[in-house]
Every structure is written in structure tokens, then in C-alpha cells.
Protein chains: 2
Amino acid sequence: MVKIDLTGCDAFIKPEVFDRYVNKALEAQAVLENQTGAGNDFLGWQHLPSETGQAEIDDCLSVVDSWLEREVDLVVVIGIGGSYLGAKAAIEALSHSFAAHLGSQGLKVVFAGENLSEDYTAELLDLVRLHNTACVVISKSGTTTEPAVAFRLLKRHLEETYGKEEACARIVAITDKARGALKSLSNQEGYKTFVIEDNVGGRFSVLTPVGLVPIALAGFDIEAMLKGAKDAEAALSQRSADNPAVRYAAMRNLLYDNGKKIELFASFNPKLQYLGEWFKQLFGESEGKDGKGIFPASVIFTTDLHSMGQYIQQGERILFETVVTVENAGREVTIPSDPQDLDGLNYLAGKHVEHCNRMAQLGTKMAHIDGGVPNLEIRIDRLDEYNLGQLFYFFEKVCGISAYQLGVNPFNQPGVEAYKKNMFKLLEKPGY
Amino acid sequence: MVKIDLTGCDAFIKPEVFDRYVNKALEAQAVLENQTGAGNDFLGWQHLPSETGQAEIDDCLSVVDSWLEREVDLVVVIGIGGSYLGAKAAIEALSHSFAAHLGSQGLKVVFAGENLSEDYTAELLDLVRLHNTACVVISKSGTTTEPAVAFRLLKRHLEETYGKEEACARIVAITDKARGALKSLSNQEGYKTFVIEDNVGGRFSVLTPVGLVPIALAGFDIEAMLKGAKDAEAALSQRSADNPAVRYAAMRNLLYDNGKKIELFASFNPKLQYLGEWFKQLFGESEGKDGKGIFPASVIFTTDLHSMGQYIQQGERILFETVVTVENAGREVTIPSDPQDLDGLNYLAGKHVEHCNRMAQLGTKMAHIDGGVPNLEIRIDRLDEYNLGQLFYFFEKVCGISAYQLGVNPFNQPGVEAYKKNMFKLLEKPGY
């Protein structure tokens, strides 16, 4: 089970104050679980892991089978925000570091519709022309500008390349169950569809088909991921001061109230770079409102110890860091001995590279605490589907509790509309 | 020439106060250019572009020729921090979005030695086994743990695969001119070497062989990049309140003094993601000391408008954003018309995707200003080597001025040693 270590905060807090924050977090947990808080029509994510059955899993896997049968070798997943970051985070975490270079064993998954860059769009079209391509389009409404533009172009490409009928078999839509442009089009064309339930917001949707279908297509075990999330769901529903989600939520609110305005998501595993991006959406969008909220940032160590490390050590003392530790590496490499030892590394000969990484992590923790940066640590056993499922659910649960404790609605995002309204006016969209 | 637009700050500042900050920035510029400030033995970067001659450029290009002749198809560039981020930023900015998937036209460049992940290391070895590989190793001392570990493994692989003599022809070292482990090894083995001058710090080294050799190997025009930097060097040395580097430095200090603790580097071009990482090292490491400094963060829009957008619009009002605009796309895609128009996009039919991107940018600027986030805009004509060279030099110059104006030494990084000392103790390194 996900473990949490808050000892790296001891130097910064008084135990009795922390206890008060834990009690408040327990109240927030009750609000969340009893569905009595603001935004309580978006709580469907809470019991998703335990309520997702074999039929739903098999339905996701049927897409994989169908496309492998068609000898598809490239899947373009179209989506933005919560319809992009969960799948991206999981696929990056689980893939070979050089998967794109190596050519994939199964289906290669790339993302589109998450920006409006003309260069990116043109280059995506270069790529699809060289592959046997299929497409997953993810949009509740079907009218969000970025994915809609990408989908128009992909749909045309697929229809021109494979003919109308075959193109329909190469498009899967994940969308509203009844309404919206994408649902209408899917009905008309006969696309295979999956439902985005009304009670699950985008940033909480990684364990729905929004995340599961792309992750399964990339070749990963969504059943194990759901099992991890299910175990987390059970463990994190305990109403206890020992609940790690409660403790983490309490600590981040306590630190925030004491001037720590920035939370640095950090990991010593480069495969978690996009889990950091997912984390930033989850917490930034849930808490950043009403002039409040911890600013989420992310780093990968030791890489960024050689860039952001200086600031973290000695800059403004307005930050704390949350480090996700992966306790066991998946592969083995030891450091070779060298008869000359010019680089002076022989003291590490025979040691695992990950041993050095772990000592770097421990050394960093001590250094940052000394420098005035509270350190929270979250530990998983290894980087696999099961543990990632736990981690996704853990952060979602923390986020719900923490935002209620902060006093904001965790489940709305009123500020996201502002740029769109201006953009539509500038683009002369009818009605704006 | 790089243009700067500060009108997005008008609502937040008084002109007469800004004028005072500009005057202070001009004083800081004089300190920088007259070499009278702290850290003035690290000012070699200032005149690099104008002092780099054809011989130096040809020397970088000779590596490309030699390795193409050997039919090398993969180059592993080993380095961390400033020996990694500049080349990474440039290569990402200039490459096809799906270069890794497409197989490259010339030499494929990947990076190593910038982390201590065992999985990453093992997977790098998977990759090199499948390729005709060469290696650039970048380290002033040759003993920095991360690159030293990676280089031990790569050196062994190259020697075992190609034999000792051929391996030597496939290794280029960029290192100190006289001292250090890597210099000694290079002398002994006969590696081709390039010099890291004593007066250029890592984060200011992208326009030295540290950046130029990898960028040239990836197939890009380093001569054009240096030409851009040289034009920027000339333009930005004017001692005038109109100097865009002076104005930008003045504005960021003014905003910081008024509680804007976070600078968000933003771009609407996803190829600039790693320029954001380079920016974060440059400014974070130069200014984040003595308990001071703006915290640098980065986002790519419109992608992150659907993640960090909510926070930026309505969270804590402690941020301002610096947006790098690329005025012209390199490729062309227009939005197709659709007879049914279920997605309602026909109002955009025939329009360039980049037109929508530009309107998104304009709409975002207005929305963020309305929301209380000052907006600074930096514009380049197009994303090519010449403009990127300008941009690199521009940010370096701003950084030197801005850090002096803040009152810190821009060129040291005393905090970076803290984690290393702890790590060496934990690893039982002799002497610790």
C-alpha cells in the first residue's frame, strides 16, 4: 500500500498544531465521503475502482483486439486536460524510456488535440501517413476547440486512406452518454463509444475509459491498475488519524497556512515526469480558486538538482516538496570497476545504479530540510500498473479532502472559461 | 530582432515607478558589462558569439563529418545541468515533433548522465545495442557522479563492441582545457576534445561546444544560431532605456518587489517545452539564493490552460507570466470544412490552425490580465536556429542584469553542493 513519511516536516511544525489540522482533515474527509460538500454531484470517481466490473474491462480490451486484428500500429489519442494527462502519465510511467526510438512491440500511442500548434498538427499528419492508424477521440461535448480541430483532420485522413466504412471501425469515441456533437456523430457513423459519466470530472477520470482505453492500447494491464486503485479505495476510506490521505492533506494545509505557497512534486524516477503534470492539473485546478491554493510545480531529480536545486536550497523559503519514491527498480545495472579509476568511481564498483539514486534521494532530503524546505515522502513498491493505480487514487482522495479543508469546491473550474470566451470573440465564433 | 511587449503589465504598475526600475537596471547593466560585479570571472559568455570564429565552428562540424563517415546513427550525449539543458532545448525546439518515431534523417541524439535511474540506464543500454553508436561526454571535472556513471558504462560498451581503437574515435570529450579526470583520460586515450573555458558557467554554455557540438550532430545549423546570438549581443549592449533586456530585467524586479513571487515561462508552441526547462535553470540558479529570487515555473499553452489555467486565472495572485511568441509557423495546415458541421467548427473552415493558436494567445493574455496576472511577451519571427540563438543570448543577458539588480551574484551556485556532500557520505566515498 502507498506509504507516507512526514518526518521531513518535523522540524517545521508543532505536533499539537498538526493534530488540529488532522482533525480538520478528518472533517473534510467526512464531507467528501458523505457527499455533503460543494460540487458533490462530481463524486463518481470515489467508488469507481470498486464498481468497475469485468464487463467494463473487457469492453476496453475489445478495442485492442479489434485493432490488432486490423494490424493497426499507431493510435492517435485526441484529448486535452483531463482527457489527456492521465493516460499520458500512465503510459510514460510504464513504457521503456526509449520506446519511441525502439519501435513498439504493440501499438504505438501518440497524443493530439492538446494544443493548437500548426507545426505539431502538420507533423502529426506526417506521422499518420506512414502508419496503419486508428484514433481514440475523447471529449464530453465534442466541441472543445483543440480536440475538435485535431479530430476533423484525423477523421478526414482515415476516411480518405481507408474508406468510410473501415475508418468508422478505426475510430473510438469516449464522450457523453446521450448528448453533444461527438455523441451525435458517433450514433450516425456507428463508432464504438465509451461513456464519460456526468459525475466524474476530467481531472478525476484516469480510471474511467478516458484513461483505461489508451493505457490498454499501449499494452498495459488495466485490470492490475484498477486492482491497485480498488485496494487504495478501501484503505483510504478509514476514518482515522492514521489514514495517509488524511495526514497528507492536513500537512499540506498546515504548511500552506504557514507561508509555503508552492508544492514541488518531485521524483527520482524520470518516468514520473508526466505524473507530475497530472498532479499539477489535479491539485492546481481543484484548489487554485478564490485567490487561494498551493501553486503546484514539478521536478525530476537528480536532473533538476542541477537546475532548480540551487533555488530549492537557498531561494525564497516559500516551498515544500512532495517526493514520490519508487522503492525497487525494474531493471539491473551495476557500476563496473575500472583499473585506472581516473574518475574516482571505483568506490561504487559493483553497486547498483539505483543504490546511488537512493543515497542521492536521502542526501537531498537532508539537505533540503536543512535549507528550510519541508519534505513529504510518498513511497510505492515498484513502478507497475498496480502501484500506479494506487497512486492515482491516493492523490485524488488527498485532493478532495485537501480542497475541502482549504474551503474551496474541489470539483469546479470556473476560471478555465475566461480565455475561451475571449478566443471565441477573436475568432468571430457565431454567438460571441 | 527579439521584441518585447510589456503592455500587459500596464494595469499593474505606475510608469514613474517603472522608470526608476529601468534606471536601476541600467546601473546593473553597467556593472555586468564593465565586469565590476560579483562573479565577474564568469563573464566569458558575454562576447562568445562575436568571438567565435569559423575555425571553432568547423571544428564542431568535423565531428559530424567523422561520425557520418563511420555510419554512426546514434549519439549519446552525456551531461547534466548546463551540460544538458541547452542542447536539449535547442534540439527539441528545432526537431520534428515526432522525430523519435519517424527515425531520423541524420544522427539521432539522446541524452544520458542526467539522472541516476537504474531503469533509465538499463534502457539506454538496450538502445545503444541496437545502433551504430558514438558518444559526447560533457563534464568540466569528469567526476560529477551522474555523467561519470553513464560514461563508464558507455565507454565499456563502445570498447567491447567496436574495439579499443575504434571506440576512441567514437568518443568526444568536452571538458577543462588542462585539468581533471576527463581531460587526463582524453589525453591518454587520444579522444577528440573541446574546451569548457573557465570563464563560462554551465548554464551560460549553450553557445560553446557544450551546446554547439550536440546541436550540430542533430543536424542543425550552428552557424546561423551563432549569427543570431551575435546580432543579439550587439543590439543588447546598447545602454538605453529602450534596450529590451534592460526593460525586461527592470519589469521582473518591479513585479517581484510587489509580491509576484513566481514567473511562469509560457509558450503556445510545444517545441519550446525544454526551452522552459533551460530558462528555469538559468534564472533559478542565478537568482535563487540568499533567501531571494523569483521562482521560475513553465507551462505550454493551450495544453496547460486545461490544467494550470484555473490556478493562473483565479488562484493566489503571486504570479506573472512571460510568454515567448513564435510569430510564424513553419508548416501549413488549414481547417477543413464539413458539410454537417456537428462540431460547429465550420466558422473556422479554411483558417490556419496557427491563426486559432494566435487568437487563443491573445484571448489568454486578456483573460490573465483581467485575472490579475501581469503579462510580458517576447516575440521571435520563427522557430529556427537564428532566432533561437537570439533568444538564448537575450535570456542570458536579461539574467545577468536582473540578478545584479536583485543584489545577488548571478554566477555562483553554492547551494548545489549540499545534496552532493550528504550523498557522498551516504555512499561512503573516501574523504567524506
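This is a predicted model: local features need pLDDT of at least 70, side-chain atom pairs count only at pLDDT 80 or more; totals for chains, interfaces and linings use all residues.
Residues are numbered from 1 along each chain as its sequence is written, chains are lettered from A and ligands numbered from 1 in the order in which they are written, and side-chain values use heavy atoms, with hydrogens and water left out.

Two packed helices are described by the angle between their axes and the distance between the axes. Helices (H or I, at least four residues) and strands (E, at least two) are DSSP runs, numbered from the N terminus. Axes are lines fitted to C-alpha atoms, for helices over the stretch in contact, and angles run from 0 to 180 degrees between N-to-C directions. Residues in contact (heavy atoms within 4.5 Å) include A:Ala224, A:Met225 and A:Lys227 in helix 11 and A:Glu385, A:Tyr386 and A:Leu388 in helix 16. By class, this contact has eight nonpolar, three polar and four charged residues; Ala, Val, Leu, Ile, Met, Phe, Trp, Tyr, Cys and Pro count as nonpolar, Asp, Glu, Lys and Arg as charged, and the others, Gly among them, as polar.

Helix 11 of chain A also packs with helix 10 of chain A, at an angle of about 140° and with the axes 9 Å apart. That makes helix 10 of chain A oblique to helix 11 of chain A. A:Leu212, A:Ile215 and A:Ala216 of helix 10 make this contact with A:Ile222, A:Met225 and A:Leu226 of helix 11, and the residues divide into six nonpolar, no polar and no charged. Helix 10 (residues 209-217) of chain A further crosses helix 4 (residues 85-94) of chain A at roughly 35°, where the axes come within 8 Å. This crossing is right-handed. Here A:Ala87, A:Ala90 and A:Ile91 in helix 4 meet A:Val210, A:Gly211, A:Pro214 and A:Ile215 in helix 10, a contact of six nonpolar, one polar and no charged residues.

The second largest pocket holds about 840 Å³ of space. On a 1 Å grid over the protein atoms alone, a pocket is an open set of points where a 1.4 Å probe fits, with protein on both sides within 12 Å along at least five of seven lines, and lining residues have an atom within 4 Å of a point. Grid points are joined across faces, edges and corners, and the volume is the space filled by probe spheres set on the points. Helix 17 of chain B gives the largest share of the lining, five residues. By class, the lining has 13 nonpolar, 14 polar and nine charged residues.

Cis peptide bonds, with omega near 0°, run from A:Phe301 to A:Thr302 and from B:Phe301 to B:Thr302. A:Thr302 is placed in the loop between strand 8 (295-300) and helix 14 (309-314) of chain A.

How values were computed. A crossing is left-handed if the near helix is turned anticlockwise from the far one by less than a right angle, and right-handed if clockwise. Angles under 35 degrees count as roughly parallel, over 145 as roughly antiparallel, 65 to 115 as roughly perpendicular and the rest as oblique.
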